[in-house]
Amino acid sequence: MKVTLSALDTSESCFTPLVVIELAQDVKEETKEWLKNRIITKKKDGGAQLLFRPLLNKYEKETVENQNLYLVGASNIRLLLGAEAVGLVKECTDNTMRAFTYGTRHNFKGFDDNNDDFLTMAECQFIIKHELENLRARDEKMIPGYPQAKLYPGKSLLRRLLTSGIVIQVFPLHDNEALKKLEDNWYTRLSLKYQPIDNIRGYFGETIALYFGFLEYFTFALIPMAVIGLPYYLFVWEDYDKYVIFASFNLIWSTVILEVWKRGCANMTYRWGTLVMKRQFEEPRPGFHGVLGINSVTGREEPLYPSYKRQLRIYLVSLPFVCLCLYFSLYVMMIYFDMEAWALGLHEDSGSEWTSLLLYVPSIIYAIVIEIMNRLYRYAAEFLTSWENHRLESAYQNHLILKVLVFNFLNCFASLFYIAFVLKDMKLLRQSLATLLIMSQILNQIVESILPYWLQRKHHVRVKKKVQALKADIDATLYEQVVLEKEMGTYLQPPSPC
């Protein structure tokens, strides 16, 4: 019997939560009811046809401070139909990779009607995220209860709710049991073995798995360079021909490891189904807005936006802004060289040990400034790329990567090229290269590892105290998990090819 979306029930009160929606504290009841109806309404009526319930019922809310947290999930059949809608590619029983369809589900490896593990955790959360982000306005002129939050046909509801401050955030919820298994298999036991990349991909998604896969590959690829480069570091040779040989080997090595990684990356993405995922009819990205109409290529109803307006935004606003940022980066670089000249002059005048240490201060300050500028520019680049209103997620990512890559390259390496080819100061080049590299690693470890861990531990203590004060009839475990995780940075990203 063929199963359709119209036949699915969205009234289940008990389901496995996959995604959490956090609303602002003062959101009006009519807005909550409208949002709930749009999420659970059938697809043919403009809804997402998902499962939805509040984290706390009305009696539990009287026990704790009002937490506007709502859980979103879906039945197994709804997830399978969603997998077909987003074009997920899975392995068939004949070892080929094909786009999943519900009608031919029994032809795919690992599928069983009584087994809910066919789709990975990341795929399930991606399907929920995709459905929520593609909720679009139809006849509504505004968000109920908020006349200032205007809507028009085709506008992304979730995007308008976020920009209006009605929805604080939407984030995926961890599966503690699956996460514990991944931890035990990954890093809790110290042993020399490869990372479980496939398990990482199953839980966190392809993007995160490729990141850790590349880190593992690059770490091993650095071993021959470290062995060959060690004598050059320990011994200072006057014969610069030896350095030319090392530089030549470096060029060959960098080319070889890149090509080998491309092959390994293609192997992984083919096995995961993202390399052959159909993209000719890619869905418009959630942030894309325009007048609702019929796409002449796909024949589907979606927002339409003239391409010439996008080009005007790119060339008249984004391009000048990027050039201005590049100029500012070069200006900061020249200030750094002035500081180097000041420190060197001070050392030559006094010659003390303190002034010898002072020689490293300009490079340290410059390294910190570079990291700050990179992060600030990243926020600006994301805002500009979103404002350009690209229809496809792939186009959005391409334009964002181009902006970030150009600025980061100039910001991080312009000073090294200037020292090497203009100043021709090998001593300053070694000092600057070592300082920038070491400081960059230290700052990244602090910002990406130490600081988040410390903040999370601090927040965990506060949540523990709050949970201990709850009544016994509240599901304190789930409440604690949701409140704790809403302070985390989200990791959920759509599957993407290498």
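Which residue does the side chain of E131 meet in a salt bridge? The legends below, which describe a predicted model, begin with that pair.

**Figure 1. Salt bridge between E131 and K43.** The side chain of E131 meets that of K43, with an N to O distance of 2.8 Å. This pair links distant parts of the chain, the two residues being 88 residues apart. E131 belongs to helix α4 (residues 121–133), whereas K43 lies in the loop between α1 and β2 (51–54). E131 counts as buried because its relative accessibility is 4%, under the 20% cut-off. K43, in contrast, is partly exposed, with a relative accessible area of 33%. Side chains of opposite charge can pair when their charged atoms come close.

**Figure 2. Salt bridge between K32 and E29 within helix α1.** K32 forms a salt bridge with E29, and the closest N and O atoms are 3.5 Å apart. Both residues lie in helix α1 (residues 29–40), with a spacing of 3 residues, about one turn of the helix.

Figure 3. In α6, the residues L179, L182 and W186 are buried. These three cover an arc of only 60° around the axis, and they therefore lie on the same side of α6. The buried residues of the helix pack against α7 (197–204) and α8 (206–234). On the other side of α6, E177 and K181 are exposed. The side chains of K181 and E177 also meet in a salt bridge, at 3.9 Å from N to O. Within helix α6 (residues 176–186) these two residues are 4 residues apart, about one turn of the helix.

**Figure 4. A network of salt bridges.** Four residues, K90, E123, R201 and E206, are linked in a network of salt bridges. Across the whole structure, a search finds 19 salt bridges.

**Figure 5. The hairpin of strands β6 and β7.** Strand β6 (residues 142–143) pairs with strand β7 (residues 146–150) in the antiparallel sense, over 2 bridges. I143 stands opposite Y146, a residue of β7. The hairpin has 2 residues between the strands, and G145 takes a positive phi near 90°.

Figure 6. N389 is placed in the loop between α12 (361–387) and α13 (393–423). The phi of N389 is near 65°, a positive value in a residue other than glycine. N389 is buried, because its relative accessible area of 0% is under the 20% cut-off. When neighbours within four places in sequence are left aside, N389 is in contact with G287, F288, H289, Y305, R310 and R313.

**Figure 7. K424 in the loop between α13 and α14.** K424 is found in the loop between α13 and α14. Although K424 is not a glycine, this residue has a positive phi of about 55°. K424 counts as exposed, because its relative accessibility of 63% is over the 50% cut-off.

**Figure 8. A nonpolar patch on the surface.** L437, I438, I442, I446, V447, I450, L451, W454 and L455 form a nonpolar patch on the surface. Together these residues have about 830 Å² of accessible area. One of them, L451, is found in helix α14 (residues 426–468). L451 is partly exposed because its relative accessible area, 39%, lies between the cut-offs of 20% and 50%.

Methods. Residues numbered from 1 in each chain as written. Predicted model: local features only at pLDDT ≥ 70, side-chain atom pairs only at ≥ 80, totals over all residues. Heavy atoms only, no water. Buried < 20%, exposed > 50% of the residue type's maximum accessible area, 1.4 Å probe, protein only. Contact = heavy atoms within 4.5 Å. Pairing = 2+ DSSP bridges. Patch = residues over 30% accessible without salt bridge, like charges linked within 9 Å, V, L, I, M, F, W, Y side chains within 5 Å. Areas by Shrake-Rupley, 256 points an atom, 1.4 Å probe, with all protein chains shown as cover. Arc of directions from axis to C-beta.
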